[in-house]
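Student: I'd like a close look at one part of this model. Could you walk me through how a pair of helices sits together, and then what lies around them?

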Amino acid sequence: MTDTKESIESIVKRTSRTGRALRRKAAGKPAQEPVQAEPVRDLDRPEYFFNRELSWLKFNLRVLREAEVKTTPLLERLKFIAISASNLDEFFMVRVAGLWDQLESGVKRRDPSGLTVREQLTEISLAAHDMMRLQSRMLAGLLKELKKAGGPEIRKYSACSEAGREWLENYYREVVYPVLTPMAVDASRPFPFLGNKTLNLAVQLITAKGEESMSVVQVPSVLPRLIEVVPERNRTFLYLEDLITEHCDSLFSGCKILDVVPFRITRDSDLDVDEDDIDDLLQEIEKSLRQRKRGVTRRMEIARTMNKKIVTFLEENLDLTKEEVYEINGPLDATCFFAFISLDNMWPWLHEPFVPQKPAELPEYGNIFDKIREKDILLHHPYESFDPIVSFVNQAADDPQVLAIKQTLYRVSGNSPIVAALARAAENGKQVTVLVELKARFDEENNIIWARRLEKAGAHVLYGLVGLKTHSKIILVVRQEPDGIKRYVHLGTGNYNDKTAKLYVDMGIMTANDQFGMDASAFFNLLSGYSQAPIWNKLTMAPLGLREKIYGLIDNEIRIAKAGGEGHIVAKMNSLLDKPVIQKLYEASIAGVKIELIVRGICTLRPGLKGISENISVRSIVGRQLEHSRIFWFHNGGDDKVFLSSADWMPRNLNDRVELFFPVETEEHIRRLQDILNLYLADNVGSHIMQSNGNYRRSTPGRGNPVSSQSILYEQAQLAAMAYNRQQREKDRLEKGVRLKKEGNV
C-alpha cells in the first residue's frame, strides 16, 4: 500500500510547474527535475542513452519496413506505408515543431544522450530525408507489384484509354472545376494561407501581359484523392492533382503555363495553453484549437523538380530553411492510401477480416454484474471483443439498482456507444460523473463535443486537471443490492474506444473486489474534490507514488539477486525513456537481474553494454495489431507479481499525468499473463531485437517453426470461442432430448 499525505491540489501545483519547465516551448531555463531517488553518478554518461526523437524515427522505420514482408497481402503492405506517413505527419507537427520552438527560444540544455536542440534537428532532418526517400521507392515498387498481380492500377492521364480520358474530361468539368480556386501571388495579392496537411499546386506562368508570375491552386480535400476511371477495363485510378495539372489552362485563361509542381505543408499543431493563468480550461482549449490551424510551417514536401524558381518561391513565402524541404520522387502524401484500400472489392489483396471473439471468461453476458461478482474477469482486446465493456456501461445505464457511474474518457470513437450509454444513464436519473480529458492530442474537438453532450444530459463533467492530463482508464459502477452497496470496477490499459479496440492490443480487468471498489471511489473523489490522497489498498496512482512503486519493485529484484536468488523482470510497454527509471534498470542489470523488455516504440535505454546493461534485452513487436498493452512481471523470488497499467515509463506519464497501475492477483490470470509475455518473447515473425548501437534486427524463424504472437493469440481466442459454441450445442441437444422425452415424442 502507498501512504502519502500530499493532496491533489499540491501535486497539481507542483506538476504544473514541472510540466511548464519540461514543455518543448520552454523559455530557455533549465528544467527542475522532479523529486526522485539520487541516481548512480556513473550511470549519467550520455553514451548510455539514445536520443528520444531518433529512437522514434527508428520505430517508424520498423513500421515502414513491414511493407517489405512478402508474405503479407499487397494492400496490407501498402497500409504500412500509409501508417508510416501518418506517423511522420504527427512527428513533425508536434515533436519537430517543439524542437524548433526550443531553438528559437534559446534553449541550450542537452538531452540525456548529450545532443543539443540544434544537433537533434540536424540528425532528425538527415534521418527523415532518408526515410522519405525510402518510402517513395517502396511505394513505387509496391504499386508495380500490385499491377503485376492483377490488382488496381494507378495511371498517368496520358496512359488512360480514349474512353477513360473522355470520362475524366467530363468528371473534371462537372465535379472538379467548380471547386477549384486559382490564387495569384503578386503585389496586390499576398501569398495565400494554406491549411495544415493540404496538398497544393505551385503554378509558374506567363500572364496575358507577358509577365512571369506565380500562383497556387489547392487540391480540394473534399474530393477523392484517387479517382476511379470507370470506363477502363482493369480497375484504374488517377491522382486528383494529375487531373488538375492536365487541365490547368482552364484556370488561367489567356496565360501560358510554364510549370506545375505539387507541394504539401505540415504546420506546428501542438497546443500552447498556459495552464497557470486561466479561468476556464474549456474556453482556453477552444481558443488554442483555433490558433493551431495557423501554426508555423515546419515541413514542406514537394515533388522532385529542376525548377529552382518554384522551390525558392515557396521557401521564401513559407519561411522555410533548406532542411525543412523534402523533395519526393513520386506522389505526395501516402496517407491517401487509407481511403484507397477501404474501397469496395479490395479483399483479394487484403487479410481476411479480423473478427474479435467472445471472451474466454465471459462468453455470454446475461446479467454482467452477476458474472463479475462470481470472479474477476480478464479481457484481452482485440482478440476478445470489446463488447463486454460496452455492455457493462449499457446495463449500468438501464439497471434500476445502479445508483452511480463514474468514468474517465481520454479518446473515444466518433459515435461512441459508451458516451451514449452514459448520457442515457444521466437522463435516467443516475449520478453520472465523467472526467473528459480535453488535452488528449488531436482529439480535443471530439472530446469537447462529447463533454457538452454529457452535460446536456445531466452528467457531472470534469475537464481534467490544470497541469495534468488524466490518462487513466477506469469505470466505477455503484449498485444497491440486497446485502448493501456493491461497487463494480473496470480497469484497463487502453482507451474506451470501440473502434480502435479492434486494432489496438489492450487488456483490462472487471472486478467486484471491495478493495478495488474502495480505491476507485477514493480515486474519483480525489479528482473531483479537495480530498487528500488516501492510503490505497490496490491501486498506485501517478503522479502520487507510481515512480516510487516502480523503484521499489526493481529494488526488490536487486535485493533478491544480491542475496544469490533469481532476479527477473519482464516489462511490456509502448515507450521507455524516463532517465531515472532507466538508471534503476541499469542498477538491476549490474546486480545480475535478468531484464526482458518488450517496447513497441521509443526506447532510449541502450542494451548489451558491457558492465552496464549486459543482462537487458529489448525487443519491439510490430505487426497487424498495434501493441498498446502495458504488462509488468516481477519474479519476486518465485512469488510472482504482475501488474497492468495505463502508463508507459516516460517522464510525462510518471510526472505530468494521472495514471493507474494495478495488480493482477487471481492465480489463473497471473498464469495467463505469463503465457502471453512468454509468447511475445518467443516471437520470431514480428519481433525486432534492439542492438547496443540502437539499430534493430528482425527476428527470423531460421530452421525452427515460425512463432507469430499475434496470430497465435487470435487462434487461441478462436479456439476458445469454438469450444464454448460446441459446449452450448451439446447442452442444447441434451436439453432438447430431455424435453422431447417428457413430451412423449421419444
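At what angle do helix α2 and α4 pack, and how far apart are their axes?

Tutor: Quick housekeeping before we dig in. This is a predicted model, so local features need pLDDT of at least 70 and side-chain atom pairs count only at pLDDT 80 or more, while totals for chains, interfaces and linings use all residues. Residues are numbered from 1 along each chain as its sequence is written, and side-chain values use heavy atoms, with hydrogens and water left out.

Now your pair. Helix α2 (residues 52-65) packs against α4 at an angle of about 5°, and their axes are 10 Å apart. Helices here are DSSP runs of H or I with at least four residues, strands are E runs of at least two, and both are numbered from the N terminus. Axes are lines fitted to C-alpha atoms, for helices over the stretch in contact, and angles run from 0 to 180 degrees between N-to-C directions.

Who touches whom? On the α2 side, the contact residues include Leu54, Leu57, Leu61 and Leu64, and on the α4 side they include Ile124, Ala127, Met131 and Leu134; contact means heavy atoms within 4.5 Å. Overall, the residues of this contact split into nine nonpolar, three polar and three charged. For that count, Ala, Val, Leu, Ile, Met, Phe, Trp, Tyr, Cys and Pro are nonpolar, Asp, Glu, Lys and Arg are charged, and the others, Gly among them, are polar.

Zoom in on alanine 127, which belongs to helix α4. Its relative accessibility is 29%, so alanine 127 counts as partly exposed, meaning between buried (under 20% relative accessible area) and exposed (over 50%), with a 1.4 Å probe and protein chains only. Tyrosine 157 is 30 residues from alanine 127 in sequence, and their C-alpha atoms are 34 Å apart.

What else is around? There's an open sheet of six strands with mixed pairing, in the order β2-β4-β3-β7-β8-β9; two strands pair if DSSP finds at least two bridges between them. Its edge strands are β2 (182-185) and β9 (325-328), each pairing on one side only. Helix α3 (residues 74-105) lies across β7, β8 (297-303) and β9, at about 130° to β8. Helix α4 (residues 117-148) also packs on the sheet, touching β8 and β9, and its direction makes about 20° with that of β9.
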